[in-house]
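Reader: I would like to go through this structure with you. May I begin with the pockets and then move on to the salt bridges?

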Amino acid sequence: MKKLLVLMISTYSLMLGATSAEASIQSVDLHLRNHEVAVTFLDLSIGEAILLQSKENGAVLINTGSSHSEQELIDRLKIFKVKEIRKVWLTNADEAYTGNFSNLLHYYDVKEVFLSKGVETAFLTSIPSHIEKQHIQENQQLELMEDVNVEILNISKTGSVTFMLSLGSQDLLMMGETNLELEEEIASSGRAVEVLKVANFGAGNGSSTEFLSAIDPQMAVIFRHNNIDVSESVLERLNESWTDVYYPYRIGSVTLRIQNDRYDVITLPTKETR
């Protein structure tokens, strides 16, 4: 049975002077209060990028999406009034996660990059020497910003990271590569989550019935890869578990505004439905 908590779902249709299929949204103010954090799954056409924002600590970017979505990424950051990004975390070496890292440096003065040794080894773009590298290790716990805690659950042989993002009493499970053994391990921990970021763009045989039953997510997020199709069996299992599935590349950026024991879900449609 789904856990009970206050869940408000809002849709912001801020079509400010839209004259084409591309909605002309100029900016969004999330009105974050003290100790309130926004987690936004950005609606890039290709690739994964997750933006963390707080009133006190600015912004952190987890992954940068594909280079095919460069302008979309920069536009979204402007829409969400991101003035400064000092920390970037690259959780996977694939171009769909890292493709805009070098380009991002032309817009923001990034001071730190978080990554596993495996990602660094496979990462073809050199990291400028003035940027401090923070190497992620399995079972490590760290604080990305105040009120945002991370537990590294697994690092694959290729360096892909699976981690738990905890904000107050809300847990967001960010799966990396599809790994059924890891799913069994997480399921056996007895830990339920509010949000699941589906592994590997929804491909393959991941998100098993037993796994979904154990973690009991209220919502799941699936990003898009240009060479990967979402598995129908994955979608079927998510639907059977009564999990609401969000596709940012279809419906717009999806923001969780989190404070203590509650969160609001906000969708921001910036494009025509794909």
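Reader: What volume does the largest pocket have?

Author: Please keep in mind that this is a predicted model. In it, the largest pocket has a volume of about 300 Å³.

Reader: Which residues are the closest to its centre?

Author: The lining of the largest pocket consists of 15 residues, and the closest to the centre are Leu32, Gln53, Ser54, Phe80 and Lys81. Two elements each give two or more residues to this lining, namely strand S3 (50–54) and strand S4 (58–62).

Reader: And how many of the lining residues are nonpolar, polar or charged?

Author: The lining of the largest pocket has six nonpolar, four polar and five charged residues.

Reader: How much space lies in the second largest pocket?

Author: The second largest pocket holds about 160 Å³ of space. Its lining includes Asn139, Glu151, Leu153, Met164, Glu185 and Arg191. Strand S9 (148–155) and helix H5 (180–188) are the elements that give two or more residues to that lining.

Reader: What is the make-up of that lining by class?

Author: There are five nonpolar, two polar and three charged residues in the lining of the second largest pocket.

Reader: Now to another topic. How many salt bridges does the structure hold?

Author: The structure holds 11 salt bridges. Some of them form a network, in which Glu151, Asp171 and Arg191 are linked. Glu151 and Arg191 also belong to the lining of the second largest pocket.

Reader: Which residue does glutamate 36 form a salt bridge with?

Author: Its partner is arginine 33, and the closest N and O atoms are 3.4 Å apart.

Reader: Why does glutamate 36 count as buried?

Author: Buried means under 20% relative accessible area, and glutamate 36 counts as buried because its relative accessibility is 3%. Arginine 33, by contrast, is partly exposed, with a relative accessible area of 48%.

Reader: What about glutamate 48: which side chain does it meet in a salt bridge?

Author: Glutamate 48 meets lysine 197, at 3.0 Å from N to O. This pair links distant parts of the chain, 149 residues apart: glutamate 48 is in the loop between strand S2 (37–41) and S3, and lysine 197 is in strand S12 (residues 195–197).

Reader: Are these two residues buried or exposed?

Author: Both glutamate 48 and lysine 197 are buried.

Reader: Finally, where are lysine 133 and glutamate 120?

Author: Lysine 133 is in strand S7 (residues 132–136) and glutamate 120 in helix H4 (residues 117–122). Their side chains meet in a salt bridge at 2.7 Å, N to O. Lysine 133 is partly exposed at 37%, and glutamate 120 is partly exposed at 24%.

Conventions:
Residues are numbered from 1 along each chain as its sequence is written. This is a predicted model: local features need pLDDT of at least 70, side-chain atom pairs count only at pLDDT 80 or more; totals for chains, interfaces and linings use all residues. Side-chain values use heavy atoms; hydrogens and water are left out. On a 1 Å grid over the protein atoms alone, a cavity is a set of points where a 1.4 Å probe fits but cannot get out, and a pocket is an open set with protein on both sides within 12 Å along at least five of seven lines; lining residues have an atom within 4 Å of a point. Grid points are joined across faces, edges and corners, and a volume is the space filled by probe spheres set on the points. Helices (H or I, at least four residues) and strands (E, at least two) are DSSP runs, numbered from the N terminus. Ala, Val, Leu, Ile, Met, Phe, Trp, Tyr, Cys and Pro count as nonpolar, Asp, Glu, Lys and Arg as charged, and the others, Gly among them, as polar. A salt bridge is a side-chain nitrogen of Lys or Arg within 4 Å of a carboxyl oxygen of Asp or Glu. Buried means under 20% relative accessible area, exposed over 50%, partly exposed in between (1.4 Å probe, protein chains only).
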